[in-house]
Amino acid sequence: MPRRERLKDYRVPRTGGLRRRLLWRLRRMRHAVDVETLEVFEHELAAFERAGVADLERQRTRNVAAASARVAEAQAREELIRRALDRVETGIRRADLDAERLDAKLAGHDPDFHTYA
Amino acid sequence: MARDIVTRPPRMRPRVGHVSPLAHVLVYVLLVTMIAVDYILLAQALTLLLRNDSQYGSIGVQMYVITLGISLAVVTLPHVTAILLRRVQAGVMSRRWIAVSIVLALVWAAILAAITIARIKAGIDAQSAGGLTGLVGGSQTVAPAGFSWTAPDTIMAFLMLGVLVTSGAISFVVAWLTTRPLLTAAEKAHAHAARLRVHRDRLLGEAVAAQERTRSALLLDAHDVVRYTGARVTFHSRMDVVRAQLATRLAQRERDPESTSQIIRELRSHRIVEAPDVVPPLPPTAPAAPSGGAQ
(Lines give C-alpha, C1' and ligand atoms only; values in the text may rest on other atoms or scores of the structure.)
Protein backbone atom coordinates (compact mmCIF):
# COMPACT_ATOMS: atom_id res chain seq x y z
CA MET A 1 0.00 0.00 0.00
CA PRO A 2 1.45 3.39 -0.92
CA ARG A 3 2.46 5.62 1.95
CA ARG A 4 -0.10 8.25 1.02
CA GLU A 5 -3.03 5.90 1.62
CA ARG A 6 -1.96 4.67 5.02
CA LEU A 7 -3.37 6.14 8.18
CA LYS A 8 -1.03 8.27 10.21
CA ASP A 9 1.24 6.61 12.71
CA TYR A 10 0.80 7.04 16.41
CA ARG A 11 3.15 9.30 18.27
CA VAL A 12 3.64 8.08 21.81
CA PRO A 13 4.15 10.97 24.26
CA ARG A 14 7.67 11.08 25.63
CA THR A 15 8.23 10.79 29.34
CA GLY A 16 11.80 12.03 29.46
CA GLY A 17 10.83 15.57 30.38
CA LEU A 18 8.52 14.44 33.13
CA ARG A 19 11.15 12.16 34.60
CA ARG A 20 13.80 14.86 34.52
CA ARG A 21 11.46 17.36 36.11
CA LEU A 22 10.38 15.02 38.88
CA LEU A 23 13.92 13.90 39.68
CA TRP A 24 15.14 17.46 39.69
CA ARG A 25 12.41 18.47 42.08
CA LEU A 26 13.16 15.45 44.25
CA ARG A 27 16.79 16.40 44.35
CA ARG A 28 15.90 19.93 45.32
CA MET A 29 13.62 18.92 48.18
CA ARG A 30 15.53 15.82 49.08
CA HIS A 31 15.29 16.44 52.79
CA ALA A 32 11.62 17.15 52.94
CA VAL A 33 9.99 14.13 51.39
CA ASP A 34 6.70 13.56 53.13
CA VAL A 35 3.24 12.48 52.30
CA GLU A 36 2.23 15.84 50.81
CA THR A 37 5.20 15.80 48.46
CA LEU A 38 4.27 12.31 47.44
CA GLU A 39 0.75 13.47 46.80
CA VAL A 40 2.08 16.20 44.57
CA PHE A 41 4.26 13.76 42.67
CA GLU A 42 1.47 11.32 42.30
CA HIS A 43 -0.83 14.04 41.12
CA GLU A 44 1.66 15.17 38.55
CA LEU A 45 2.21 11.63 37.33
CA ALA A 46 -1.52 11.02 37.04
CA ALA A 47 -2.03 14.27 35.21
CA PHE A 48 0.71 13.45 32.76
CA GLU A 49 -0.66 9.99 32.22
CA ARG A 50 -4.13 11.32 31.60
CA ALA A 51 -2.80 13.92 29.17
CA GLY A 52 -0.85 11.26 27.30
CA VAL A 53 -3.85 8.96 27.12
CA ALA A 54 -5.97 11.83 25.86
CA ASP A 55 -3.37 12.55 23.20
CA LEU A 56 -3.44 8.94 22.05
CA GLU A 57 -7.23 9.04 22.09
CA ARG A 58 -7.16 12.07 19.88
CA GLN A 59 -4.92 10.37 17.36
CA ARG A 60 -7.11 7.30 17.46
CA THR A 61 -10.21 9.41 16.86
CA ARG A 62 -8.56 11.11 13.93
CA ASN A 63 -7.60 7.80 12.38
CA VAL A 64 -11.05 6.39 12.96
CA ALA A 65 -12.57 9.39 11.22
CA ALA A 66 -10.24 8.97 8.26
CA ALA A 67 -10.91 5.26 7.99
CA SER A 68 -14.67 5.62 8.26
CA ALA A 69 -14.63 8.36 5.65
CA ARG A 70 -12.73 6.03 3.39
CA VAL A 71 -15.17 3.20 4.02
CA ALA A 72 -18.14 5.48 3.38
CA GLU A 73 -16.64 6.68 0.13
CA ALA A 74 -15.96 3.16 -1.07
CA GLN A 75 -19.46 2.04 -0.14
CA ALA A 76 -21.03 4.99 -1.92
CA ARG A 77 -19.07 4.05 -4.99
CA GLU A 78 -20.23 0.47 -4.69
CA GLU A 79 -23.80 1.67 -4.49
CA LEU A 80 -23.28 3.85 -7.55
CA ILE A 81 -21.82 0.91 -9.46
CA ARG A 82 -24.73 -1.29 -8.48
CA ARG A 83 -27.23 1.23 -9.80
CA ALA A 84 -25.25 1.68 -13.02
CA LEU A 85 -25.19 -2.08 -13.44
CA ASP A 86 -28.95 -2.25 -13.07
CA ARG A 87 -29.38 0.44 -15.67
CA VAL A 88 -26.99 -1.27 -18.06
CA GLU A 89 -28.82 -4.55 -17.63
CA THR A 90 -32.05 -2.85 -18.58
CA GLY A 91 -30.33 -1.24 -21.55
CA ILE A 92 -28.94 -4.58 -22.69
CA ARG A 93 -32.33 -6.18 -22.51
CA ARG A 94 -33.85 -3.38 -24.53
CA ALA A 95 -31.06 -3.39 -27.08
CA ASP A 96 -31.45 -7.12 -27.57
CA LEU A 97 -35.14 -6.63 -28.06
CA ASP A 98 -34.48 -3.92 -30.65
CA ALA A 99 -31.96 -6.06 -32.46
CA GLU A 100 -34.37 -8.97 -32.55
CA ARG A 101 -37.10 -6.75 -33.94
CA LEU A 102 -34.84 -5.36 -36.63
CA ASP A 103 -33.64 -8.82 -37.55
CA ALA A 104 -37.23 -9.94 -37.88
CA LYS A 105 -37.86 -6.97 -40.12
CA LEU A 106 -34.88 -7.90 -42.25
CA ALA A 107 -36.09 -11.47 -42.46
CA GLY A 108 -39.29 -10.18 -43.91
CA HIS A 109 -41.96 -10.86 -41.35
CA ASP A 110 -42.46 -7.57 -39.65
CA PRO A 111 -45.74 -6.99 -37.83
CA ASP A 112 -45.50 -3.23 -38.32
CA PHE A 113 -45.43 -3.12 -42.07
CA HIS A 114 -47.69 -5.92 -43.14
CA THR A 115 -50.46 -3.51 -43.93
CA TYR A 116 -48.32 -1.54 -46.34
CA ALA A 117 -46.81 -4.27 -48.38
CA MET B 1 -6.03 9.31 -16.73
CA ALA B 2 -8.71 7.01 -17.93
CA ARG B 3 -12.25 8.21 -17.90
CA ASP B 4 -14.18 7.12 -14.84
CA ILE B 5 -17.03 5.10 -16.28
CA VAL B 6 -19.05 5.17 -13.06
CA THR B 7 -19.42 8.89 -12.50
CA ARG B 8 -19.31 9.74 -16.21
CA PRO B 9 -20.72 6.88 -18.26
CA PRO B 10 -20.08 6.95 -21.99
CA ARG B 11 -22.82 8.47 -24.09
CA MET B 12 -24.95 5.88 -25.77
CA ARG B 13 -28.01 6.21 -27.91
CA PRO B 14 -31.04 5.14 -25.94
CA ARG B 15 -32.88 3.69 -28.92
CA VAL B 16 -31.66 1.92 -31.97
CA GLY B 17 -33.24 1.94 -35.37
CA HIS B 18 -34.87 5.32 -34.95
CA VAL B 19 -33.87 8.85 -35.73
CA SER B 20 -33.18 10.79 -32.57
CA PRO B 21 -36.02 13.15 -31.59
CA LEU B 22 -33.84 16.20 -32.10
CA ALA B 23 -33.02 15.15 -35.64
CA HIS B 24 -36.68 14.51 -36.25
CA VAL B 25 -37.63 17.99 -35.10
CA LEU B 26 -34.83 19.52 -37.15
CA VAL B 27 -36.00 17.74 -40.27
CA TYR B 28 -39.48 19.09 -39.88
CA VAL B 29 -38.18 22.56 -39.14
CA LEU B 30 -36.19 22.38 -42.36
CA LEU B 31 -39.20 21.24 -44.36
CA VAL B 32 -41.42 23.95 -42.93
CA THR B 33 -38.77 26.55 -43.71
CA MET B 34 -38.59 25.33 -47.28
CA ILE B 35 -42.36 25.52 -47.58
CA ALA B 36 -42.35 29.06 -46.23
CA VAL B 37 -39.68 30.16 -48.68
CA ASP B 38 -41.60 28.63 -51.56
CA TYR B 39 -44.78 30.23 -50.37
CA ILE B 40 -43.30 33.72 -50.30
CA LEU B 41 -41.72 33.25 -53.71
CA LEU B 42 -44.85 31.84 -55.29
CA ALA B 43 -47.05 34.50 -53.76
CA GLN B 44 -45.01 37.14 -55.50
CA ALA B 45 -44.91 35.22 -58.74
CA LEU B 46 -48.61 34.48 -58.82
CA THR B 47 -49.48 38.06 -58.02
CA LEU B 48 -47.42 39.08 -61.03
CA LEU B 49 -48.95 36.28 -63.05
CA LEU B 50 -52.44 37.45 -62.37
CA ARG B 51 -51.78 41.11 -62.18
CA ASN B 52 -54.58 41.99 -64.50
CA ASP B 53 -57.03 40.36 -62.16
CA SER B 54 -55.34 41.11 -58.89
CA GLN B 55 -55.55 44.83 -59.47
CA TYR B 56 -59.29 44.52 -59.16
CA GLY B 57 -58.96 42.35 -56.11
CA SER B 58 -60.92 39.55 -57.65
CA ILE B 59 -58.71 36.69 -56.52
CA GLY B 60 -58.75 36.60 -52.79
CA VAL B 61 -58.51 33.31 -51.01
CA GLN B 62 -58.15 31.36 -54.22
CA MET B 63 -54.65 32.61 -54.85
CA TYR B 64 -53.51 31.94 -51.34
CA VAL B 65 -54.83 28.40 -51.51
CA ILE B 66 -53.18 27.77 -54.83
CA THR B 67 -49.91 29.22 -53.64
CA LEU B 68 -49.93 27.14 -50.48
CA GLY B 69 -50.85 24.01 -52.40
CA ILE B 70 -48.08 24.42 -54.92
CA SER B 71 -45.45 25.15 -52.32
CA LEU B 72 -46.58 22.14 -50.30
CA ALA B 73 -46.42 19.93 -53.35
CA VAL B 74 -42.99 21.19 -54.34
CA VAL B 75 -41.55 20.25 -50.96
CA THR B 76 -43.60 17.19 -50.11
CA LEU B 77 -43.50 15.22 -53.33
CA PRO B 78 -39.71 14.61 -53.33
CA HIS B 79 -39.92 13.70 -49.65
CA VAL B 80 -42.57 11.09 -50.28
CA THR B 81 -40.66 9.83 -53.31
CA ALA B 82 -37.49 9.38 -51.28
CA ILE B 83 -39.33 7.54 -48.52
CA LEU B 84 -40.98 5.24 -51.05
CA LEU B 85 -37.66 4.48 -52.71
CA ARG B 86 -36.05 3.76 -49.36
CA ARG B 87 -38.79 1.38 -48.40
CA VAL B 88 -38.57 -0.38 -51.69
CA GLN B 89 -34.82 -0.62 -51.25
CA ALA B 90 -35.16 -2.04 -47.77
CA GLY B 91 -37.65 -4.59 -48.99
CA VAL B 92 -40.42 -3.26 -46.81
CA MET B 93 -42.56 -2.41 -49.83
CA SER B 94 -42.94 -4.25 -53.04
CA ARG B 95 -41.31 -3.15 -56.25
CA ARG B 96 -44.55 -1.88 -57.73
CA TRP B 97 -44.27 1.18 -55.59
CA ILE B 98 -41.38 2.34 -57.77
CA ALA B 99 -43.93 3.20 -60.43
CA VAL B 100 -45.82 5.31 -57.93
CA SER B 101 -42.69 7.16 -56.96
CA ILE B 102 -41.86 7.79 -60.61
CA VAL B 103 -45.34 9.18 -61.16
CA LEU B 104 -44.92 11.44 -58.17
CA ALA B 105 -41.62 12.71 -59.52
CA LEU B 106 -43.24 13.38 -62.89
CA VAL B 107 -46.05 15.30 -61.21
CA TRP B 108 -43.47 17.35 -59.37
CA ALA B 109 -41.59 18.14 -62.58
CA ALA B 110 -44.86 19.00 -64.31
CA ILE B 111 -45.84 21.42 -61.59
CA LEU B 112 -42.49 23.15 -61.80
CA ALA B 113 -42.65 23.32 -65.59
CA ALA B 114 -46.16 24.71 -65.51
CA ILE B 115 -45.23 27.38 -63.03
CA THR B 116 -42.19 28.41 -65.02
CA ILE B 117 -43.97 28.48 -68.32
CA ALA B 118 -46.86 30.44 -66.89
CA ARG B 119 -44.47 32.92 -65.39
CA ILE B 120 -42.66 33.42 -68.69
CA LYS B 121 -45.94 33.66 -70.53
CA ALA B 122 -47.22 36.25 -68.09
CA GLY B 123 -44.12 38.28 -68.67
CA ILE B 124 -44.59 38.14 -72.42
CA ASP B 125 -48.24 39.07 -72.10
CA ALA B 126 -47.54 41.97 -69.84
CA GLN B 127 -44.85 43.23 -72.12
CA SER B 128 -47.04 42.96 -75.23
CA ALA B 129 -49.97 44.53 -73.46
CA GLY B 130 -47.79 47.38 -72.40
CA GLY B 131 -48.33 47.49 -68.73
CA LEU B 132 -51.46 47.51 -66.76
CA THR B 133 -54.56 47.56 -68.90
CA GLY B 134 -56.52 49.49 -66.38
CA LEU B 135 -54.35 52.53 -66.58
CA VAL B 136 -55.38 55.17 -69.04
CA GLY B 137 -52.83 57.11 -70.89
CA GLY B 138 -50.27 54.35 -70.99
CA SER B 139 -47.87 54.43 -73.85
CA GLN B 140 -49.43 52.29 -76.54
CA THR B 141 -46.21 51.10 -78.10
CA VAL B 142 -47.33 47.72 -79.22
CA ALA B 143 -44.25 45.67 -79.75
CA PRO B 144 -45.18 42.07 -80.46
CA ALA B 145 -42.39 40.72 -78.37
CA GLY B 146 -41.95 37.01 -78.55
CA PHE B 147 -40.00 34.76 -76.24
CA SER B 148 -36.64 36.03 -75.29
CA TRP B 149 -34.07 34.38 -73.00
CA THR B 150 -32.84 37.67 -71.69
CA ALA B 151 -36.16 39.20 -70.84
CA PRO B 152 -36.33 40.09 -67.13
CA ASP B 153 -39.41 37.99 -66.60
CA THR B 154 -37.76 34.97 -68.17
CA ILE B 155 -34.71 35.33 -65.98
CA MET B 156 -36.88 35.76 -62.93
CA ALA B 157 -38.86 32.70 -63.90
CA PHE B 158 -35.74 30.57 -64.13
CA LEU B 159 -34.40 31.92 -60.86
CA MET B 160 -37.66 30.98 -59.21
CA LEU B 161 -37.44 27.57 -60.82
CA GLY B 162 -33.98 27.17 -59.38
CA VAL B 163 -35.17 27.99 -55.88
CA LEU B 164 -38.09 25.59 -56.14
CA VAL B 165 -35.92 22.79 -57.49
CA THR B 166 -33.41 23.40 -54.72
CA SER B 167 -36.04 23.13 -52.02
CA GLY B 168 -37.40 19.95 -53.54
CA ALA B 169 -33.92 18.46 -53.79
CA ILE B 170 -33.20 19.36 -50.19
CA SER B 171 -36.32 17.64 -48.97
CA PHE B 172 -35.44 14.58 -51.07
CA VAL B 173 -31.92 14.42 -49.69
CA VAL B 174 -33.12 14.90 -46.14
CA ALA B 175 -35.59 12.08 -46.46
CA TRP B 176 -32.97 9.89 -48.13
CA LEU B 177 -30.46 10.52 -45.38
CA THR B 178 -32.79 10.13 -42.43
CA THR B 179 -34.37 6.89 -43.59
CA ARG B 180 -31.41 4.61 -43.18
CA PRO B 181 -31.45 1.19 -44.75
CA LEU B 182 -32.76 -1.51 -42.52
CA LEU B 183 -29.56 -3.53 -42.74
CA THR B 184 -27.55 -0.67 -41.31
CA ALA B 185 -30.05 -0.29 -38.51
CA ALA B 186 -29.81 -3.98 -37.63
CA GLU B 187 -26.03 -3.83 -37.66
CA LYS B 188 -26.15 -0.77 -35.47
CA ALA B 189 -28.48 -2.50 -33.05
CA HIS B 190 -26.15 -5.44 -32.71
CA ALA B 191 -23.16 -3.17 -32.27
CA HIS B 192 -25.06 -1.24 -29.66
CA ALA B 193 -25.85 -4.39 -27.70
CA ALA B 194 -22.22 -5.47 -27.91
CA ARG B 195 -21.05 -2.08 -26.67
CA LEU B 196 -23.49 -2.26 -23.78
CA ARG B 197 -22.13 -5.67 -22.86
CA VAL B 198 -18.57 -4.37 -22.87
CA HIS B 199 -19.65 -1.52 -20.67
CA ARG B 200 -21.33 -3.92 -18.28
CA ASP B 201 -18.17 -6.01 -18.06
CA ARG B 202 -16.12 -2.96 -17.23
CA LEU B 203 -18.67 -1.99 -14.61
CA LEU B 204 -18.38 -5.45 -13.07
CA GLY B 205 -14.62 -4.94 -12.90
CA GLU B 206 -15.18 -1.61 -11.22
CA ALA B 207 -17.52 -3.24 -8.72
CA VAL B 208 -14.86 -5.77 -7.79
CA ALA B 209 -12.34 -2.97 -7.37
CA ALA B 210 -14.73 -1.01 -5.17
CA GLN B 211 -15.39 -4.03 -2.98
CA GLU B 212 -11.67 -4.53 -2.67
CA ARG B 213 -11.28 -0.93 -1.63
CA THR B 214 -13.98 -1.26 1.02
CA ARG B 215 -12.35 -4.34 2.40
CA SER B 216 -8.95 -2.74 2.45
CA ALA B 217 -10.37 0.27 4.29
CA LEU B 218 -11.92 -1.98 6.91
CA LEU B 219 -8.64 -3.84 7.20
CA LEU B 220 -6.84 -0.56 7.61
CA ASP B 221 -9.13 0.26 10.50
CA ALA B 222 -8.43 -3.07 12.16
CA HIS B 223 -4.70 -2.54 11.79
CA ASP B 224 -5.13 0.90 13.25
CA VAL B 225 -6.80 -0.55 16.32
CA VAL B 226 -3.84 -2.85 16.80
CA ARG B 227 -1.40 0.00 16.46
CA TYR B 228 -3.40 2.08 18.90
CA THR B 229 -3.27 -0.71 21.45
CA GLY B 230 0.45 -0.95 20.96
CA ALA B 231 0.84 2.77 21.48
CA ARG B 232 -1.20 2.59 24.67
CA VAL B 233 0.92 -0.25 25.99
CA THR B 234 4.08 1.61 25.15
CA PHE B 235 2.91 4.73 26.87
CA HIS B 236 1.86 2.90 30.03
CA SER B 237 5.12 1.05 30.20
CA ARG B 238 6.97 4.33 29.88
CA MET B 239 4.94 5.74 32.72
CA ASP B 240 5.74 2.64 34.74
CA VAL B 241 9.40 3.16 34.07
CA VAL B 242 9.12 6.73 35.32
CA ARG B 243 7.37 5.60 38.46
CA ALA B 244 9.89 2.89 39.08
CA GLN B 245 12.80 5.28 38.63
CA LEU B 246 11.17 7.73 40.98
CA ALA B 247 10.61 5.05 43.58
CA THR B 248 14.14 3.80 43.19
CA ARG B 249 15.55 7.26 43.61
CA LEU B 250 13.41 7.79 46.67
CA ALA B 251 14.56 4.53 48.10
CA GLN B 252 18.18 5.44 47.44
CA ARG B 253 17.93 8.89 48.92
CA GLU B 254 15.79 8.12 51.88
CA ARG B 255 17.54 7.37 55.11
CA ASP B 256 14.78 5.52 56.74
CA PRO B 257 14.08 2.17 55.10
CA GLU B 258 10.61 1.92 56.57
CA SER B 259 9.60 5.24 55.27
CA THR B 260 11.11 4.37 51.90
CA SER B 261 9.22 1.16 51.66
CA GLN B 262 6.16 3.06 52.69
CA ILE B 263 6.73 5.55 49.91
CA ILE B 264 7.36 2.84 47.36
CA ARG B 265 4.33 0.96 48.46
CA GLU B 266 2.26 4.04 48.25
CA LEU B 267 3.43 4.82 44.71
CA ARG B 268 2.77 1.30 43.59
CA SER B 269 -0.66 1.18 45.20
CA HIS B 270 -1.55 4.48 43.56
CA ARG B 271 -0.57 3.16 40.22
CA ILE B 272 -2.41 -0.12 40.56
CA VAL B 273 -5.54 1.54 41.78
CA GLU B 274 -5.46 4.13 39.10
CA ALA B 275 -4.53 2.02 36.10
CA PRO B 276 -7.84 0.25 35.33
CA ASP B 277 -9.98 3.35 35.11
CA VAL B 278 -7.45 5.18 33.00
CA VAL B 279 -7.64 2.48 30.36
CA PRO B 280 -10.65 3.36 28.19
CA PRO B 281 -12.77 0.69 26.57
CA LEU B 282 -11.41 -0.15 23.17
CA PRO B 283 -13.32 -1.20 20.13
CA PRO B 284 -13.79 -4.91 19.75
CA THR B 285 -10.20 -6.06 19.80
CA ALA B 286 -9.08 -6.86 23.34
CA PRO B 287 -7.21 -4.02 25.05
CA ALA B 288 -3.88 -4.93 26.41
CA ALA B 289 -3.61 -4.78 30.16
CA PRO B 290 -0.92 -2.22 30.91
CA SER B 291 -0.91 -2.85 34.60
CA GLY B 292 0.70 -6.27 34.68
CA GLY B 293 4.31 -7.19 34.26
CA ALA B 294 5.37 -4.13 32.32
CA GLN B 295 7.90 -3.23 34.95
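## Salt bridges within chain B

A salt bridge here is a side-chain nitrogen of Lys or Arg within 4 Å of a carboxyl oxygen of Asp or Glu. B:R200 and B:D201 meet that rule, with their closest N and O atoms 3.9 Å apart. B:D201 is partly exposed, at 44% relative accessibility. The model is a predicted one.

A second bridge in chain B links B:D224 and B:R227, at 3.2 Å from N to O. Both residues sit in helix α6 of chain B. They are three residues apart, about one turn of the helix. B:D224 counts as buried because its relative accessibility is 0%, under the 20% limit. B:R227 is partly exposed, at 29%. Shared partners extend this pair into one network of A:D9, A:R60, B:D221, B:D224 and B:R227.

## Bridges between the chains

The rule finds 10 salt bridges across the interface of chain B and chain A. Over all chains, the whole structure has 21.

Another pairing is A:E57 with B:R232, at 4.0 Å from N to O. The pair runs from helix α2 (residues 35-107) of chain A to helix α6 of chain B. B:R232 is buried, with 5% relative accessibility. A:E57 is partly exposed, with a relative accessible area of 27%.

## The interface

Contacts involve 63 residues of chain B and 62 residues of chain A. The area buried between the two chains is about 5900 Å². Carbon and sulfur atoms give 67% of that area. Between chain B and chain A, 17 residue pairs are in polar contact, both residues at pLDDT 80 or more.

Two helices of chain B, α6 (182-253) and α7 (257-278), each supply at least two residues of the side that touches chain A. The most comes from α6(B), with 42 residues. By class, this side of chain B has 33 nonpolar, 12 polar and 18 charged residues.

## Chain B as a whole

Chain B has seven helices and zero strands. Its elements run α-α-α-α-α-α-α from the N terminus on. Of its 295 residues, 31% are buried.

Among contacts in chain B with a separation of 6 or more, 77% join residues 24 or more positions apart. The accessible surface of chain B comes to about 17500 Å². Carbon and sulfur atoms account for 67% of that surface.

Technical notes. Residues are numbered from 1 along each chain as its sequence is written. Chains are lettered from A and ligands numbered from 1 in the order in which they are written. This is a predicted model: local features need pLDDT of at least 70, side-chain atom pairs count only at pLDDT 80 or more; totals for chains, interfaces and linings use all residues. Side-chain values use heavy atoms; hydrogens and water are left out. Contact means heavy atoms within 4.5 Å. Buried area is the accessible area (1.4 Å probe) that two parts lose on being put together, summed over both. A polar contact is a pair of N or O atoms within 3.5 Å; within protein, one must be able to donate a hydrogen and the other to accept it, and residues adjacent in sequence count only if both atoms are side-chain atoms. Helices (H or I, at least four residues) and strands (E, at least two) are DSSP runs, numbered from the N terminus. Ala, Val, Leu, Ile, Met, Phe, Trp, Tyr, Cys and Pro count as nonpolar, Asp, Glu, Lys and Arg as charged, and the others, Gly among them, as polar. Buried means under 20% relative accessible area, exposed over 50%, partly exposed in between (1.4 Å probe, protein chains only). Accessible areas come from the Shrake-Rupley method with a 1.4 Å probe; for residues, only the protein chains shown count as cover.
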